[in-house]
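Hi,

Here is the structure I said I would pass on. Have a look at it first, and then read my notes below.

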Amino acid sequence: MADVLCSEQFGSGAARGCRAALDGSLQWEAWGRRWWGFSGAFTAKPGGRDGGGGVAPGTASPPFSRLLAVFLPQGFPDSVSPDYLPYQLWDSVQAFASSLSGSLATHAVLLGIGVGDAKASVSAATATWLVKDSTGMLGRIVFAWWMGSKMDCNAKQWRLFADILNDIAMFLEIMAPILPFCFTITVCISNLAKCLVGVAGGATRAALTMHQARRNNMADVSAKDGSQETLVNLAGLLVSLLMLPMVSDSPSLSLSCFFFLTALHIYANYRAVRALVIETLNEQRLWLVLRHFLQRGEVLGPTSANQMEPLWTGFWSSVSLSLGAPLHHVTSSVSELQQLVEGHQEPYLLRWDQSRNQVQVVLSQMAGPEAILRAATHGLVLGALRGDGPLPEELEELRNQARAGPEKESWVVVRETHQVLDKLFPKFLKGNILLLHGSWTFSPEALPSPIPTPLSGRWKTWTPLCDLKSRSQFPCLQDGEVRTV
């Protein structure tokens, strides 16, 4: 066999070699995608250009590879995250099950409105439909205002919540014709739930697309996801055309099919969300990584932390962490402000309410990502003092002090934890930033903020103007109170 003259690799395809044929032409190996392992060889005609429009029939890439290119982002798998394929496969399964369940629900709603019933009033059906739609529109606006800012940092949990709520909404639609005396209320509640699903599902889909896109190709990833969903829905539509005539005359059979599809839908959703390995540290993942570090001195990698992250429960940790709180919510007197400032040089102020296990953090304008990560870590460490798990010796002493001391001594514990973090945080930061155990990244936006981000793009901040002990140099301090200027 002739030696390889040269090789080439185009996009995410596997590298292929080129040999000299007996007639002097170039003999190229077949194109193939690495993850499918295509192999083989074909001969390019002497005048042709392989890889372009001039390739003769029989010399092109495998048809299956071409079909995949229609539904996968360009450059796959290098252009997407490693968890893209398992997530999309399970997501397609859940979308197929949801499509079939939706057909059963739509059939039930149309039956309840009066389609096929000669006695049904068109105006009554129209009024019911308008009330249903208007209820959902109002709910969509309120829910987006109320929960929109919380979905980025808990995308997996909200994604699962949206799909379960969608199943509940379809169940209400199926039950609506059985309860004709409250049909309108039932379909209104169902449509309201579906609109909430639309907000949560759309918002979390955007967050997951940002995670999956690795070459600034969010538009391509989103478009191909839409193509995959369209293909799955088309298959669901064809199967629904066969399924509905068989179950439409039997409510018990229809309910049995719905419960089976719902179980499949929830299971596929769980597997899809569990397959995600998000490298961004939100509050839950930061707490898991920090707890493991405090107990074993090691930093969990992204894969391990994502597998341990709670999905069904655990939207909120035991400590209430308010990162980016305004200064006037934290302190109202000079003495309190002095207590917050003394004992450290970090660009943040932290107040700990032991009775409610609430931590409020005020960030300086000089606080960068590292300082914000330390502030969040500091707050979670204080929350750990209220727990029962094992802690390093220094923190164990502070835990005993916090449990024995009065409420007014909380600021003393906070000051002592500053000193402990001066020793522990550099090791913890090294395990994350230097990627010793994985590719963790940190973005302040991944942690919850209790208030909207100002138009300047900064967090709520405080600025030290002078020495607090020199009140005459601090014109905004009068009569022991902090006033805004």
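**How two helices cross**

Let me start with a pair of helices: H2 passes H6 in a right-handed crossing. Before you read on, bear in mind that this is a predicted model. To find the two helices, look for residues 84–113 for H2 and residues 218–247 for H6. Their axes come within 8 Å and cross at roughly 40°. Roughly parallel would need an angle under 35 degrees, so H2 and H6 count as oblique to each other. What sort of residues make up the contact of H2 with H6? They divide into 13 nonpolar, nine polar and two charged.

**Aromatic rings**

Next, the rings. How many aromatic pairs does a search of the whole structure find? It turns up nine. One of them is formed by Phe171 and Phe258, and that pair is stacked. A ring pair is described by how far apart the centres are and by the angle of the planes. For Phe171 and Phe258, that gives 6.2 Å centre to centre and 25° between the planes. Planes under 30 degrees apart count as stacked, which is why this pair gets the label.

I like this pair since it links distant parts of the chain. Phe171 sits in helix H4 (residues 155–175), while Phe258 belongs to helix H7 (residues 251–275), and the two are 87 residues apart.

Asn269 is buried, with a relative accessible area of 2%. Which residues does Asn269 touch, once its neighbours within four places in sequence are left aside? Asn269 is in contact with Gln94, Leu160 and Asp163.

Then go to Ala124, which you will find in helix H3 (residues 122–147). Ala124 is partly exposed, and its relative accessible area comes to 39%.

Cheers

Note on methods: Residues numbered from 1 in each chain as written. Predicted model: local features only at pLDDT ≥ 70, side-chain atom pairs only at ≥ 80, totals over all residues. Heavy atoms only, no water. Phe/Tyr/Trp six-rings, centres within 6.5 Å; stacked < 30°, edge-to-face > 60°. Helix = DSSP H or I, 4+ residues; strand = E, 2+ residues; numbered from the N terminus. Buried < 20%, exposed > 50% of the residue type's maximum accessible area, 1.4 Å probe, protein only. Contact = heavy atoms within 4.5 Å. Axes fitted to C-alpha atoms, helices over the stretch in contact; angles between N-to-C directions. Parallel < 35°, antiparallel > 145°, perpendicular 65-115°, else oblique. Left-handed = near helix turned anticlockwise from the far one by under 90°. Nonpolar A, V, L, I, M, F, W, Y, C, P; charged D, E, K, R; others polar.
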